[in-house]
Each structure stands twice: as C-alpha cells, then as structure tokens.
Amino acid sequence: MSKLDDLSSRFAALQQNHDELMAAARTAVSAYWDGDEQPMAALIDTLDALGTLPEYAPQLTDQALDLLTAGGGRVVGRRLA
C-alpha cells in the first residue's frame, strides 16, 4: 500500500467519523428542542462507538456509599446523559 493510498484511507475514515458526529450532534439538538428526556443519547452512543467517549467517574453521596456497603451490592448499568 502506497503512502498516498494510506493517507486516502485515513482521510476517508476521518470524514466518516466527522459525518457521524455531525449527524449525532444534530439529532441531540433536535431531541433537546423536542423535549426528549435524554437528548444526548445519540451523541453519547456515537462517541462510544467511535471509542472517544470521555471517562466518567460518578460522584456518590456518603448515604449512597453506605447503602452499597451495607447491602453488599455493586453499581451496574450504563451511564446516561
């Protein structure tokens, strides 16, 4: 594969990612304007699919931590916006 072919492939992938992010951002704005309960869902899913979703460390209150410790439970599920 030549350097030009490699650059062309990388540019095409970058353009595809850009198009997906723009579509997700427009969907999020439309969902927000429509009063959707989770307007950021499409953008979050797209960022997750592209592997660029930022790390998230939820902040739990002392009461929540006590409940988890007392019940021996664990926090599971998917983060929502």
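A crossing of two helices is called left-handed if the near helix is turned anticlockwise from the far one by less than a right angle, and right-handed if clockwise. In this sense, α1 passes α2 in a left-handed crossing. The structure is a predicted model, in which local features need pLDDT of at least 70 and side-chain atom pairs count only at pLDDT 80 or more, while totals for chains, interfaces and linings use all residues. Residues are numbered from 1 along each chain as its sequence is written, and side-chain values use heavy atoms, with hydrogens and water left out.

The overall picture comes first. The chain holds three helices and zero strands, where helices (H or I, at least four residues) and strands (E, at least two) are DSSP runs numbered from the N terminus. Read from the N terminus on, the elements follow the order α-α-α. Among the 81 residues of the chain, 9% count as buried, a term that stands for under 20% relative accessible area, with exposed meaning over 50% and partly exposed in between (1.4 Å probe, protein chains only). Of the contacts (heavy atoms within 4.5 Å) with a separation of 6 or more, 42% join residues 24 or more positions apart.

Helix α1 covers residues 3-33, a run of 31 residues. From its first C-alpha to its last, α1 reaches 45 Å, close to the 45 Å expected at 1.5 Å a residue; the expected span is 1.5 Å times one less than the number of residues. Just after α1, Gly35 adopts a positive phi of about 80 degrees. The buried residues of α1 are Ala24, Ala28 and Ala31, and their cover includes α2 (41-49).

How the two helices meet can be followed in some detail. The axes of α1 and α2 come within 7 Å and cross at roughly 160 degrees; axes here are lines fitted to C-alpha atoms, for helices over the stretch in contact, and angles run from 0 to 180 degrees between N-to-C directions. α1 is therefore roughly antiparallel to α2, given that angles under 35 degrees count as roughly parallel, over 145 as roughly antiparallel, 65 to 115 as roughly perpendicular and the rest as oblique.

On the α1 side, the contact involves Glu20, Leu21, Ala24, Ala25, Thr27 and Ala28, which meet Ala42, Leu43, Thr46 and Leu47 of α2. The residues of this contact comprise seven nonpolar, two polar and one charged (Ala, Val, Leu, Ile, Met, Phe, Trp, Tyr, Cys and Pro count as nonpolar, Asp, Glu, Lys and Arg as charged, and the others, Gly among them, as polar). Thr46, in helix α2, is buried, with a relative accessible area of 15%. Leaving aside residues up to four places away in sequence, Thr46 touches Glu20, Leu21 and Ala24.
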